[in-house]
Amino acid sequence: MQNWKQRLGFWTLRTSALLVLAVLIFLLGDIILKGGGVIDLEFLSSPPRQGMTAGGIFPAIAGTLYLSLITALVAVPLGVMGGIYLSEYASQGKLTRLIRMSIRNLAGVPSIVFGMFGVAIFVNYFGFGLSLLSAGLTLGIMTLPVTITASEEALKSVPDSYRQGALALGATRWQMIRTCILPPAVPGMLTGSILGLARAAGETAPILFTGAAFLHPHLPDSPFSQFMALPYHLYILATQHHDISRVRPIAYGTALVLIILVLILNIGAIILREKLSRRYRR
Amino acid sequence: MTDRVNCKLKIENLSVYYDREQALDDISMEIDCREITALIGPSGCGKSTFLRSLNRMNDEIKEASVEGSVMLDGEDIYENGYNVVELRKRVGMVFQQPNPFPKSIYDNVAYGPRIHGIRDRDELDEIVEESLKAAALWEEVSDRLNQSALDLSGGQQQRLCIARAIAVKPDVILLDEPASALDPQATAKIEDLLTELKKNYTIIIVTHNMQQAARISDSTAFFWLGRVVEYGPTDKIFERPDDQRTEDYITGRFG
């Protein structure tokens, strides 16, 4: 009887775990089967033609890359500096608790709300208009909680004995951080940041009203021009096009490219972490 | 107490609190130049707190507050505006667990000189070699200075930490149970090393090992419940202690 119960429990757990794998395989398989056929060099390197029923998605790929660059320029430096402050400088008082609580809450704000915020602040108040810059800043703000938390956790995982050792040799606080605490924390900071960026690259809602264009066949020529982006392009092909069934393969192709892009970022993060942390293994 | 000529550290009415809890109660001691002073006593009696108050590492603990004074060569290190960075250059510290940085052996030893502004490669080379020789580690590592310090054995790591402390040319070296995580052979090496180092440095060592205190120290202080019960020449403390509690502790009747 006991044995039978154990087995049932074991199989329930294992099935739940396998279910996750099955969903992923089904999802990827479906997209590869339906979208793999349209992907060729032309698809990757030319703009959409004939009302998006032909041609490629190059402007959307480029737009997403530009967008990710701006997101990274906002979220990574601010996140690292915020993380350093919270981990190394802030005293554990009320203010710090308030800041930390705000960060947690910011991470839970729905992305469409960040989109509204972007319209109010960047598009209108700062007057950046519908642009790459507005959208990138919006995504950057949205990613900030991830990069701050990743940085803080990475710094906290550096053993205290390094801090004590450096201070006891007469290092100032900043010398200690720069030479002994930051280097071993970099792998963790990078991994967390890249995962945050990968998520931002796939977001639609925050760029919906801040600068993504329905069709903008030329590459953006300045941070103030509108742009195409993969997730928004996919949204249009899947729901807004006048002939949805005809562009379905292109939509799946777009989805596949987006997934591959995100996957490359994630795998890159893993490789980078492995490489760097081997240098600082404890 | 009268001022002695070779008094390096003069501690007067030192009390340390963690929040409301008193860790050290009105300690007064004079520690001589170029001697080894051993601090003994049961766990939690305040030895480590005392040690950490000599290079102001207690500053790093937010709840800690200090009363009284510690005179280093006649200057109070707790005076307002006293340069803590400068103090820690003069009063080095070696911790219980060897804590080399995840850097090469060379970079570990050169760490202190570098942060204090020495950039010249030849000068650094010289300091690294001198310090490793002084820490009796040179023979073992001279051919692999660029390897990670984390590849060394525990005993070697601890000697590296001593070399790292020596490299900033301190006057005083504080050691917090430096051999408690090491095997007997590595411990013997550290003890020999300390006996050698006292020719040039004032050494203060916390230890739980009575034989070690008896073997290497010139003076011994017995701490109990945050107070110094007895402080004097090691021979006297171990052979004819004045206080019954000292005798009980040394002979292993409590602790």
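Visitor: Among contacts in chain A between residues at least 6 apart in sequence, what percentage join residues at least 24 apart?

Guide: The figure is 76%. Bear in mind that this is a predicted model.

Visitor: What is the secondary structure of chain A?

Guide: Chain A has 11 helices and two strands. From the N terminus, the order is α-α-β-β-α-α-α-α-α-α-α-α-α.

Visitor: What does the C-alpha trace span?

Guide: About 70 × 70 × 35 Å along the principal axes of chain A.

Visitor: And how many of its residues count as buried?

Guide: Chain A has 282 residues, and 40% of them count as buried.

Visitor: Switching to chain B. Is strand S7 mostly covered or mostly open?

Guide: Mostly covered. S7(B) takes in residues 172-176, and five of its five residues are buried.

Visitor: Which residues sit on which face?

Guide: B:Val172, B:Leu174 and B:Asp176 are on one side of S7(B). B:Ile173 and B:Leu175 are on the other. Both faces are covered, and these residues are all buried.

Visitor: Why does the list skip every second residue?

Guide: Because in a regular strand the side chains alternate between the two faces of the sheet.

Visitor: Which strands does S7(B) pair with?

Guide: Strand S6 (residues 91-94) of chain B runs parallel to S7(B), joined by four bridges. Strand S8 (residues 202-206) of chain B also pairs with S7(B) in the parallel sense, over five bridges.

Visitor: Which residue is the bridge partner of B:Met93?

Guide: B:Leu174, in S7(B). On the S8(B) pairing, B:Ile173 stands opposite B:Ile203.

Visitor: What do S7(B), helix H7 of chain B and S8(B) make together?

Guide: A right-handed β-α-β unit. The helix here, H7 of chain B, covers residues 184-197.

Visitor: Next, the antiparallel sheet in chain B. What is the strand order?

Guide: S2-S1-S4-S5. The four strands form an open sheet.

Visitor: Why is one side of S2 and of S5 left without a neighbour?

Guide: Strand S2 (21-32) and strand S5 (75-76) of chain B stand at the edges. Each has a single partner strand, so one side of each has no neighbour in the sheet.

Visitor: How many bridges join S1 to S4 in chain B?

Guide: Eight, between strand S1 (residues 7-18) and strand S4 (residues 64-72). In that pairing, B:Ser15 stands opposite B:Glu67.

Visitor: Last topic, backbone angles. What is phi of B:Asn13?

Guide: Near 50 degrees, a positive value in a residue other than glycine. Most residues other than glycine have a negative phi.

Visitor: Where does B:Asn13 lie, and is B:Asn13 buried or exposed?

Guide: B:Asn13 lies in strand S1 of chain B. B:Asn13 is exposed, with 11 other C-beta atoms within 10 Å.

Visitor: And what about phi of B:Leu225?

Guide: B:Leu225 has a positive phi of about 50 degrees, although it is not a glycine. B:Leu225 lies in the loop between strand S9 (219-224) and strand S10 (227-233) of chain B. B:Leu225 is partly exposed, with 14 other C-beta atoms within 10 Å.

Note on methods. Residues are numbered from 1 along each chain as its sequence is written. Chains are lettered from A and ligands numbered from 1 in the order in which they are written. This is a predicted model: local features need pLDDT of at least 70, side-chain atom pairs count only at pLDDT 80 or more; totals for chains, interfaces and linings use all residues. A residue is buried if 20 or more other C-beta atoms lie within 10 Å of its own, exposed if 12 or fewer, and partly exposed in between; C-beta atoms are placed from the backbone. Two residues are in contact if their C-beta atoms, placed from the backbone, lie within 7 Å. Two strands pair if DSSP finds at least two bridges between them. A crossover is right-handed if, with the strands pointing away from the viewer, the path from the first strand over the helix to the second runs clockwise.
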